[in-house]
Amino acid sequence: MVTKIPAYRHAQVKIKEFIEQNNLKANDALPPEARMAEELNMSRPSLREAVKALESLGVIESRHGEGIFVKAFSFDSILDNLPYSMVANDDQITDLLYVRTYLEIGAIPSVVKNITPKNIAVLRELADSMLEKALRQETFPAEDRAFHAEMYSCLNNRFLLALIDLFWNVFNNMHKASTAAKLDPWAMEATARDHIAIVEMLENKDEAGLMRAYTEHFDSIFKRYPKDTA
């Protein structure tokens, strides 16, 4: 039995093809609704449904009184649609952490080459703040997130920064929902000291040491989420 594809799904494909064929960029306007429905040979109700669906995916956006525009690329729509309300299991967190580890460690040689004294000074302040909070048995998600963003900012790669922030944010939310997410003063202090070690390696331009320090940092996190291989 062949499943019939809803008209609005066809409409989504046509709208995306229209954007590609006309080489439309972020903030470029699409034709008014009536004209676009006529040009794409679809009903206006199907067009409206397709527009709503593409808006939720972050492809286009409707601006009241102005029309429909191509939206600038962003991971926001992905984050908004992630099921944070679901309780993640530790295996899922481990899988995600592996991806984050490969992404961040893979860029380390370029970081060592391009990082500036200003970047390192900011990282030192953030790492010291993390340790101070850990010793007070306080969490430090804002500093941790800022640390990873600052470390890779020297590469001037917005896509890489967006991916790193995406994985940090997703991991943080999944971690908070996990059964392993317990306030552990020893783990917090170890994490803070891991970040201080990373700063010291950056100060010394020690790529091998940094790879080792970074790997040890992630290994300490992996130990909290032993993967079930049974």
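This is a short chat about a predicted model of a protein chain.

Q: What should I know about the model before we start?
A: The model is predicted, so to speak of a local feature takes pLDDT of at least 70, side-chain atom pairs count only at pLDDT 80 or more, and totals for chains, interfaces and linings use all residues. Residues are numbered from 1 along each chain as its sequence is written, and side-chain values use heavy atoms, with hydrogens and water left out.

Q: How many helices and strands are in the protein chain?
A: There are 11 helices and 2 strands. Both are DSSP runs numbered from the N terminus: helices are H or I with at least four residues, strands are E with at least two. Along the sequence the pattern reads α-α-α-β-β-α-α-α-α-α-α-α-α.

Q: How many of the residues count as buried?
A: Of the 230 residues, 40% do. Buried means under 20% relative accessible area, exposed means over 50%, and partly exposed is in between, using a 1.4 Å probe and protein chains only.

Q: Take Gln12. Buried or exposed?
A: Gln12 is buried, because its relative accessible area is 8%. Gln12 belongs to helix α1, residues 7-21.

Q: And which residues does Gln12 touch?
A: Leaving out residues up to four places away in sequence, Gln12 touches Ala50, Ala53, Leu54 and Leu57. Contact means heavy atoms within 4.5 Å.

Q: New topic. How many aromatic pairs are there?
A: The structure holds 2. One of them joins Tyr98 and Tyr102, with 6.0 Å centre to centre and 35 degrees between the planes, a tilted pair. Rings of Phe, Tyr and Trp (its six-membered ring) pair if their centres lie within 6.5 Å; planes under 30 degrees apart are stacked, over 60 edge-to-face, and the rest tilted.

Q: Where do Tyr98 and Tyr102 lie?
A: Both are in helix α5 (residues 90-106), 4 residues apart, about one turn of the helix. Tyr98 counts as partly exposed because its relative accessibility is 35%, and Tyr102 is exposed at 59%.

Q: What sits over the ring of Phe69?
A: The charged end of Arg63, 4.0 Å from the ring centre. The rule is NZ of Lys or CZ of Arg within 6 Å of the centre and within 35 degrees of the ring normal.

Q: Last one. Which residues line the largest cavity?
A: Arg145, His148, Ala149, Leu161, Ile164, Asp165 and Trp168. A cavity is a set of points on a 1 Å grid over the protein atoms alone where a 1.4 Å probe fits but cannot get out, and lining residues have an atom within 4 Å of a point. Helix α9 gives the largest share of that lining, 4 residues.

Definitions and conventions: On a 1 Å grid over the protein atoms alone, a cavity is a set of points where a 1.4 Å probe fits but cannot get out, and a pocket is an open set with protein on both sides within 12 Å along at least five of seven lines; lining residues have an atom within 4 Å of a point.
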